[in-house]
Amino acid sequence: MVRPWLIDELAYSGPEHRDPAFIAGYDRKQGNHDPSEDLAVLRAQGVGRTSTLVDLGAGTGRFVIAAAREFGRIVAIDVSPEMLSVVRKRAAAAGLSNLNCVQAGFLSYQHAGPPVDAVYSRNALHHLPDFWKAVALDRISRILKPNGVLLLHDLIYDFQPSQADQVLGRWLDAAADDPTWGYTCQDFITHIRTEHSTFRWLLEPMLAAAGFQIVRADFRRSVYGAYTCVKP
């Protein structure tokens with residue numbers, strides 16, 4: 001169905017996600033996130049060798065490559081064709097045949113087949129304004145089977161508006177000096193000004209409205225959240 005009111009998720013993701021120079025240093029800038037902890041969380045929730053997992057906002061595939069070695073079927077979704085090109089190359093180099101790439105986003109991905117066991121998303125949902133976050137979470141819930149798990153990492157604000165100066169000031173002070181090895185103060189400023197991180201106390205009702213139960217929520221520096229959620 002054509003929905004002319006949908007936003008252009010590729011435009012909302014930012015031009016850097018189509019920049020080969022940015023993509024080449026993406027993993028290093030992200031901090032070379034170790035996927036082993038997330039894999040352990042998923043296994044503890046019953047995700048295993050025969051399970052299907054969808055990664056929304058797969059980036060360069062660091063997580064999905066590791067997940068494809070653990071689980072039955074992986075669908076790597078990203079709005080950036082350049083990012084997906086990296087994922088395909090990595091999957092081929094690793095000899096993985098159970099990983100499929102789909103160019104789409106939270107709002108445009110059309111799931112085919114039975115409901116899935118797990119959905120993973122890291123550092124992607126904040127590209128959407130809050131209305132669209134709620135729509136995206138509802139769509140995620142609809143593709144999950146009962147007792148399916150959502151593992152969500154993102155830049156989420158765990159403070160009150162009156163605390164913004166204090167918390168964001170500390171966050172900027174902790175930024176990297178070298179843009180090739182991490183996100184700089186200017187990167188964080190650009191994020192705050194132009195992207196759509198939301199408050200924890202707004203996101204959690206969205207999760208509940210989509211039918212999720214929060215099993216665990218962890219926050220760092222009051223600006224970065226990790227949620228393990230289950231669809232009953």
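1. Tryptophan 132 counts as buried, at 9% relative accessibility. Buried here means under 20% relative accessible area, exposed over 50%, and partly exposed in between, with a 1.4 Å probe and protein chains only.

2. This is a predicted model, in which local features need pLDDT of at least 70 and side-chain atom pairs count only at pLDDT 80 or more, while totals for chains, interfaces and linings use all residues. Residues are numbered from 1 along each chain as its sequence is written, and side-chain values use heavy atoms, with hydrogens and water left out.

3. Next, the aromatic pairs. The structure holds 10 of them. Rings of Phe, Tyr and Trp (its six-membered ring) pair if their centres lie within 6.5 Å; planes under 30 degrees apart count as stacked, over 60 as edge-to-face and the rest as tilted. Tryptophan 5 and tryptophan 132 are stacked, because their ring centres are 5.9 Å apart and their planes are at 15°.

4. Where do tryptophan 5 and tryptophan 132 lie? Tryptophan 5 is in the segment before helix H1 (9-13), and tryptophan 132 is in helix H7 (residues 130-143), so the pair ties together parts that are 127 residues apart in sequence. Helices (H or I, at least four residues) and strands (E, at least two) are DSSP runs, numbered from the N terminus.

5. Phenylalanine 63 and tyrosine 120 form a stacked aromatic pair, with 3.6 Å centre to centre and 10° between the planes. Distant parts of the chain are linked here: phenylalanine 63 sits in helix H5, tyrosine 120 in strand E4 (residues 116-122), 57 residues apart. Both phenylalanine 63 and tyrosine 120 are buried.

6. Tyr157, Phe159, Phe199 and Trp201 are linked into a cluster by ring pairs.

7. Two rings have a charge over the face. Arginine 28 lies over tryptophan 181, at 5.1 Å from the ring centre. Lysine 29 lies over tyrosine 183, at 4.9 Å from the ring centre. The criterion is NZ of Lys or CZ of Arg within 6 Å of the ring centre and within 35 degrees of the ring normal.

8. Glycine 61 lies in the loop between strand E1 (52-56) and helix H5 (62-70). Glycine 61 is buried, with a relative accessible area of 0%. Leaving aside neighbours within four places in sequence, glycine 61 is in contact (heavy atoms within 4.5 Å) with Val87 and Arg90.

9. The UniProt record, an unreviewed entry, places "domain: Methyltransferase" at residues 54-148. Such annotations may be inferred rather than shown by experiment. The span 54-148 is 38% helix and 27% strand, and its end C-alpha atoms lie 11 Å apart.
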